[in-house]
Amino acid sequence: MKLELNGTELTEKLDDALITRSLQSLNGDDDSFLILSKDSMSYIQTCKIRDGHYVLEYQEASLEEHYECTDEVLNLQKVSTAFSSYLKGTDEWKTSLTWQSLDFSSGSKGYARSFKLLVLVIVVTVITSTFLMLSLWL
């Protein structure tokens, strides 16, 4: 598993405490997000919105399996619990929250936020890949 905060992979020991500290550091800016990934297409991600609550999404292997949590109030505790459960490989994060499939071709609720998160994931992946290729080349 890999934990990325604002596009930077965290190299500290991956545990509940690191997840909580990382979530607390999110500030609501457009470029402030946290992603816990199994691989490039399977992950759980969040960002904090200006009212102090969170947007939470996950994806399993493809864009057709991309979901947004539709629970009204996502606070630090709920998001931290979801990330911890995902890290441990349990299904608690999936069963304790309500999820809605996102259709990126329509104007569904949450589309703009989800698209923003998806773009951030893609940009981070491209930048990381570029740096890796350059470091191998040099």
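A: **The helix pair, then the strands**

In this predicted model, Asp-16, Ile-19, Thr-20, Leu-23 and Gln-24 of helix α1 touch Leu-76, Val-79, Ser-80, Phe-83, Ser-84, Leu-87 and Lys-88 of helix α2. Sort the residues of that contact by type and you get 6 nonpolar, 4 polar and 2 charged. As for the geometry, α1 (residues 16-25) and α2 (residues 76-88) pack at an angle of about 140°, their axes 10 Å apart. Angles over 145 degrees would count as roughly antiparallel and 65 to 115 as roughly perpendicular, so α1 and α2 come out as oblique to each other. Their crossing is right-handed.

Now for the strands, with β5 as the place to start. Strand β5 covers residues 54-60 and is mostly covered, with 6 of its 7 residues buried. It pairs with β4 (residues 42-48) in the antiparallel sense, over 7 bridges. In that pairing, Tyr-54 of β5 has Lys-48 standing opposite. The β4-β5 hairpin has 5 residues between the strands, and Gly-52 there takes a positive phi near 95°.

β5 also pairs with β6 (residues 66-69), again in the antiparallel sense, this time over 3 bridges. Here Tyr-58 stands opposite Tyr-67 in β6. The hairpin of β5 and β6 has 5 residues between the strands too, and in this one Ala-61 takes a positive phi, near 75°.

Conventions
Residues are numbered from 1 along each chain as its sequence is written. This is a predicted model: local features need pLDDT of at least 70, side-chain atom pairs count only at pLDDT 80 or more; totals for chains, interfaces and linings use all residues. Side-chain values use heavy atoms; hydrogens and water are left out. Buried means under 20% relative accessible area, exposed over 50%, partly exposed in between (1.4 Å probe, protein chains only). Helices (H or I, at least four residues) and strands (E, at least two) are DSSP runs, numbered from the N terminus. Two strands pair if DSSP finds at least two bridges between them. Axes are lines fitted to C-alpha atoms, for helices over the stretch in contact, and angles run from 0 to 180 degrees between N-to-C directions. Angles under 35 degrees count as roughly parallel, over 145 as roughly antiparallel, 65 to 115 as roughly perpendicular and the rest as oblique. A crossing is left-handed if the near helix is turned anticlockwise from the far one by less than a right angle, and right-handed if clockwise. Contact means heavy atoms within 4.5 Å. Ala, Val, Leu, Ile, Met, Phe, Trp, Tyr, Cys and Pro count as nonpolar, Asp, Glu, Lys and Arg as charged, and the others, Gly among them, as polar.
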